[in-house]
Amino acid sequence: MALKMVKGSIDRMFDKNLQDLVRGIRNHKEDEAKYISQCIDEIKQELKQDNIAVKANAVCKLTYLQMLGYDISWAAFNIIEVMSASKFTFKRIGYLAASQSFHEGTDVIMLTTNQIRKDLSSPSQYDTGVALTGLSCFVTPDLARDLANDIMTLMSHTKPYIRKKAVLIMYKVFLKYPESLRPAFPRLKEKLEDPDPGVQSAAVNVICELARRNPKNYLSLAPLFFKLMTSSTNNWVLIKIIKLFGALTPLEPRLGKKLIEPLTNLIHSTSAMSLLYECVNTVIAVLISLSSGMPNHSASIQLCVQKLRILIEDSDQNLKYLGLLAMSKILKTHPKSVQSHKDLILQCLDDKDESIRLRALDLLYGMVSKKNLMEIVKKLMTHVDKAEGTTYRDELLTKIIDICSQSNYQYITNFEWYISILVELTRLEGTRHGHLIAAQMLDVAIRVKAIRKFAVSQMSSLLDSAHLLASSTQRNGICEVLYAAAWICGEFSEHLQEPHHTLEAMLRPKVTTLPGHIQAVYVQNVVKLYASILQQKEQAGEAEGAQAVTQLMVDRLPQFVQSADLEVQERASCILQLVKHIQKLQAKDVPVAEEVSALFAGELNPVAPKAQKKVPVPEGLDLDAWINEPLSDSESEDERPRAVFHEEEQRRPKHRPSEADEEELARRREARKQEQANNPFYIKSSPSPQKRYQDTPGVEHIPVVQIDLSVPLKVPGLPMSDQYVKLEEERRHQQKLEKDKRRKKRKEKEKKGKRRHGSLPTESDEDIAPAQQVDIVTEEMPENALPSDEDDKDPNDPYRALDIDLDKPLADSEKLPIQKHRNAETSKSPEKEDVPVAEKKSKKPKKKEKKHKEKGRDKEKKKEKEKKKSPKPRKKKHKKEKEERTKGKKSKKQPPGSEEAAGEAAREPVQNGAPEEEPLPPESSYSLLAENSYIKMTCDVRGSLQEDSQVTVAIVLENRSNSVLKGMELSVLDSLNARMARPQGSSVHDGVPVPFQLPPGVSNEAQFVFTIQSVVTAQKLKGTLSFIAKNDEGATQEKLDFRLHFSCSSYLVTTPCYSDAFAKLLESGDLSMSSVKVDGIQLSFQNLLAKICFHHHFSVVERVDSCASMYSRSIQGHHVCLLVKKGENSVSVDGKCSDPTLLSNLLEEMKATLAKC
Amino acid sequence: MIQAILVFNNHGKPRLVRFYQRFPEEIQQQIVRETFHLVLKRDDNICNFLEGGSLIGGSDYKLIYRHYATLYFVFCVDSSESELGILDLIQVFVETLDKCFENVCELDLIFHMDKCNCWVIDEASRRKKWEAQRHQQVHYILQEVVMGGMVLETNMNEIVAQIEAQNRLEKSEGGLSAAPARAVSAVKNINLPEIPRNINIGDLNIKVPNLSQFV
């Protein structure tokens, strides 16, 4: 053995440590991947060694490699091995590696349950801390369920370091195991008033996180938080609370009213910018929630805006950014108060920081009004010119368009100005947003009839200078505007001043360098233009002129016929033939203009974007019905179109009201007529169907822009947008004068009337009448369409499960799965007494519990019984089992306690093979120690691997009287072999005080550590618990004697073992052997193994049919190996152990356990 | 909640990668790379917030970062965290690192990695040793500041005290590098010239307002 050790450490000298690894990676820059794969091979070798230090070193290196992006999941088991090392150094390495690499998919994670539980209850706070930290990163639903109670106990740990970690990790537990929220909540709430600021802040953190997801469940905590907010001085806590209030106020406006004052005070008093900022944010949230009910908070708004202005003016870019961010929130509800800071926000457009500029742009979007739109856009245009870098300039461009076009051009009073802006924007180099500008041009030209003339003149000059735009082919995107220009000039050619000139411009050879889709539009619109020129010439009687135009077409069109773009080619060929035909007709002096124009007769009207979808399905038409039955052999091909129809149908309201109203009838008639008009085989009643179409009464349903142009402006040439600003001012002035006049008149009429705000010198938005009007195309929704609020909620949202009512009293079924005792929910620490609310809440379930106990129906009672005697055959349990089955298969059966890890691994094959296996009744490792009328003691003895030869005795003290028990002290008579660990400086005869008091009916757990000399034999220790029972009648000194039994099994610690390691161990041959046989056992093998695992702290190494090998280790490092075989009615257990005495004692204990089965 | 904490140097080499939500390793690396390219583009004198968007978790998330000489500390947080608070937290974290490594004066080294390039080979190897040993240490320190994505402790003295206690505990156990390995490295380092101790980190340019408010 010793030799092995020495050899191990010599080996270690040649191992690479992490430092060598890092150095190596640096030195192998060229072939890093190869070097690392080499290292990984070495690491695999190291992991095979027994020396835990070598393993830890290897895992350490793996953690580093994980950071570099290497998958280390293959080493999960080794990581668990290092986690279960006794030394903190290794444990810490193991847990770090686990926290970096474990996740829900890691299958070995279930093996960690016991290890973690052991570490959680470790006497060393750092072991516990490390386990908590690790667990916070890889907790799974199973771990959460199994450890919830242990963690909850830790929330009342004596060390604040542990308390705060335990509190924080509860959030993760809640997420994975939502059932734990209600039982744990009272204690969590209690931690809000923990004396340690760290714990308090952790509790606030957790509750804020919970409340953020489901705020309504936490409204009842508002008073408590309110108290905290006014009393706490910890800025972290304050920020969290204030953020929380921001989430709560929308649900409870009364809360908002209460908050305003303290928040305002904080805003005035604090010097921490972060706190100030959050206060302002929450005040804004409050004001938003109040905005409907209480109008008079202008002072608060002013304060917020003022403070934000200070932030924005600050030289710190971060504050500036946040200030703008918060400002945009105010903007939504109180645009007026933000608008007064327009100057400041415009200034931010000059900022060197792009994020700030973008934020400012966002703000501007909301700040525009009819009054200031031109000014703001003008300012933006100057920025467009100055801007460096295309991204920001593109952003500016889209923002300008957004700002102008928002809510149907609501703020545009002069469309000529807007067209000029768009034209100016086309001079931007290298923008990607040509199509955006084009879309705007088309939209405005189509919808604002009055602007068409002006638009056409602008577009024709654009077309004229098209060579500028198209000069460099890769001026990505801006040439898109030519698409719009060509279309507008063609479609509204009647407004063109010099159509011939434009026609020539559109037929220039240069045009063929444009993208295909633009050329196609060119070709199509050239004909429209041609048609209108033809008509003009014919009307004027210029036959020659007409022929000249035709000749021009015939000459120029072939260049498009040669285009590589199919669309262009096709259109051009078609049109060329048409024009040639016209030429022939012209040669015969036949008037053709009328017929050519007929090609493009009729006007295009704007249609709402969704209008097509809104066309109702005519009554009696079933879109899903087959017109012809599908052919049976082509079924697979039909599948797809069918699915498409189905989808379509779902979006549409299924059922249309049968009583079709007038409107609908008219519409249907219209549709029919239109269909007839388009049907060449239908004999029409009128020669011009288009015209008739416009006259029909049903046509109003189609949204058509109605234009009322009051001041038609005629600006010759290519005007700059700037001049409109001036013109607009004049126009407004004019309007104002008129209005004032009218108002004066009115005033004279109603002299008694109240004074009007309107008479103030500042004109409000409403006063400005637009020069042109746009009809707002409202987007209707089908009648049956539902608001889609519910779609927003993601059914997979993990936080949904936490939407739990916390005010309902706890039901028994809701208790956390407890492997040991039931103190958790009801136990109280002394400081709890000054939290009346919390107490009341936790009392309720307690009472219930008692009642149930009396009736003997409670599960706990059963557990209790099982603690006294060992589990006995079940009777009358059907009821309970049923309950449990209905409770959900998900949570299955809670396998009690330490059996979990090993048991689960072993049980798996059985579950597959024999799913009807009867579950074991819940068991507890806690056994009754002693009881009297005052108190009941149950205890569990656990070995600890951290400290050699130490066991921890967890004693649950339950107060059964109605007195308060205090001054409890435990004294144990030490034996030669076992000694109790006492606080420093106390003598052997002193008792160890229990660190809590017990109010009536409450139980709590205390832990005591014993040092054991030899673990080979069982031990019995005598002890006494002395305490003072105090009730209304006075206090009495009481005591209770007990005998503490350390069985050999209690010295064993569940340790996982690999089958190859197990085989090696047995091969070594230095183990002595012994065996026992027990007859008359009815229990299934599965449950039998579970019992051995649970009561004797073994783990299953391997299992084949009804034969299993098991392993455990004593706290002093004795290996114990078992081979368990089940016969017909008997079980034989062969054991091998490094100490024969220990083995025989163990087997005796096991025999006793099995005999009870 | 904090979604992820990334520390990388000016060349994008990760120094610490801590995700509080499961991502496969290759995605983690991709995120580190993307984040690096995002922050690299930004000047030092512009704001420290980035609306990360597509990077991690969508629009609710923000990247909040600080740049110290050669290292970027990036926190990806959701809207429940206060932006300025997280900036202060990064400051606390960095100052804690500074404090914990003070006795070896090697935080300076990492702060001035680029200036160190002219150093002799031995210096460089010493530096690597720092990285190696500290990689774990930095994680341990971070674990005392942030746990499972939630802020655990913001009081620097408390953090330092806990770290020191744990390191003492580790020392009492003999540490990971047990005697033989230590002997080897002692031999290796025997001829190291004195590491310059006067590197000044005055140019850290800390601009957090009122840090003291949080302590």
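**Entry 1: A:Ser1112**

I began with A:Ser1112, which counts as buried because its relative accessibility is 0%. The model I am reading is a predicted one. I located A:Ser1112 in strand 13 of chain A, which covers residues 1107-1114. I then listed its contacts, leaving out residues up to four places away in sequence; A:Ser1112 touches A:Leu1052, A:Val1053, A:Thr1054, A:His1097, A:Phe1098, A:His1118, A:His1119 and A:Val1120. For one of these residues I also noted a polar atom pair: a polar atom of the A:Ser1112 side chain lies 2.8 Å from the backbone oxygen of A:His1097.

I next looked up the backbone of A:His1097. Its phi is near 60°, a positive value in a residue other than glycine. Most residues other than glycine have a negative phi. I placed A:His1097 in the loop that runs between helix 46 (1085-1096) and strand 12 (1099-1104) of chain A. A:His1097 has 13% relative accessibility and therefore counts as buried.

I recorded A:Asp589 as a further case, with a positive phi of about 65° although it is not a glycine. This residue sits in the loop between helix 33 (566-587) and helix 34 (593-598) of chain A. Is A:Asp589 buried or exposed? I found A:Asp589 exposed, its relative accessible area being 61%.

**Entry 2: a sheet in chain A**

I traced an open sheet of four strands in chain A, in the order 6-4-8-9, with antiparallel pairing. Strand 6 (992-993) and strand 9 (1034-1046) of chain A are its edge strands, each pairing on one side only. Strand 8 of chain A, residues 1019-1031, runs antiparallel to strand 9 of chain A and is joined to it by 13 bridges.

**Entry 3: chain B**

I counted six helices and seven strands in chain B. Along the sequence of chain B they follow the pattern β-β-α-β-β-β-α-α-α-β-β-α-α. Of the 215 residues of chain B, 60% count as buried. Taking contacts in chain B between residues at least 6 apart in sequence, I found that 58% join residues at least 24 apart.

Chain B has an open, antiparallel sheet of five strands in the order 2-1-5-4-3. Strand 2 (14-19) and strand 3 (49-50) of chain B stand at its edges with a single partner strand each, so one side of each has no neighbour in the sheet. Strand 3 of chain B pairs antiparallel with strand 4 (residues 62-68) of chain B over two bridges. In that strand 4 of chain B, B:Leu63 is the residue opposite B:Leu50.

**Entry 4: the contact of chain A with chain B**

How many residues does each chain bring to the contact? I read 76 residues from chain A and 74 residues from chain B. The area buried between chain A and chain B is about 6900 Å², and carbon and sulfur atoms give 55% of it. A:Met67, A:Arg92 and A:Trp236 supply 12% of the area that chain A buries against chain B, more than any other three residues.

Seven salt bridges are counted between chain A and chain B. I looked up the pair B:Glu153 and A:Lys164, whose side chains meet in a salt bridge at 2.7 Å, N to O. Residue pairs in polar contact across the interface of chain A and chain B, both residues at pLDDT 80 or more, come to 31. Helix 6 (residues 88-101) of chain A gives the most to the side of chain A that touches chain B, with nine residues. By class, I noted 33 nonpolar, 23 polar and 20 charged residues on that side of chain A.

**Entry 5: salt bridges**

Over all chains, the count is 36 salt bridges. I took A:Asp150 and A:Arg117, whose side chains meet at 3.2 Å, N to O. This pair links distant parts of the chain, 33 residues apart, with A:Asp150 in helix 9 (residues 141-154) and A:Arg117 in helix 7 (residues 112-120) of chain A. A:Asp150 is buried at a relative accessible area of 7%, and A:Arg117 is buried at 9%.

I set down a second salt bridge, between A:Asp362 and A:Arg359, with the closest N and O atoms 3.2 Å apart. A:Asp362 and A:Arg359 both lie in helix 21 (residues 354-367) of chain A, three residues apart, about one turn of the helix. A:Asp362 counts as partly exposed at 32% relative accessibility, whereas A:Arg359 counts as buried at 13%. Finally, I noted one network of salt bridges that share partners, joining A:Glu209, A:Arg212, A:Arg213 and B:Asp78.

Definitions and conventions. Residues are numbered from 1 along each chain as its sequence is written. Chains are lettered from A and ligands numbered from 1 in the order in which they are written. This is a predicted model: local features need pLDDT of at least 70, side-chain atom pairs count only at pLDDT 80 or more; totals for chains, interfaces and linings use all residues. Side-chain values use heavy atoms; hydrogens and water are left out. Two strands pair if DSSP finds at least two bridges between them. Contact means heavy atoms within 4.5 Å. Buried area is the accessible area (1.4 Å probe) that two parts lose on being put together, summed over both. A salt bridge is a side-chain nitrogen of Lys or Arg within 4 Å of a carboxyl oxygen of Asp or Glu. A polar contact is a pair of N or O atoms within 3.5 Å; within protein, one must be able to donate a hydrogen and the other to accept it, and residues adjacent in sequence count only if both atoms are side-chain atoms. Ala, Val, Leu, Ile, Met, Phe, Trp, Tyr, Cys and Pro count as nonpolar, Asp, Glu, Lys and Arg as charged, and the others, Gly among them, as polar. Buried means under 20% relative accessible area, exposed over 50%, partly exposed in between (1.4 Å probe, protein chains only).
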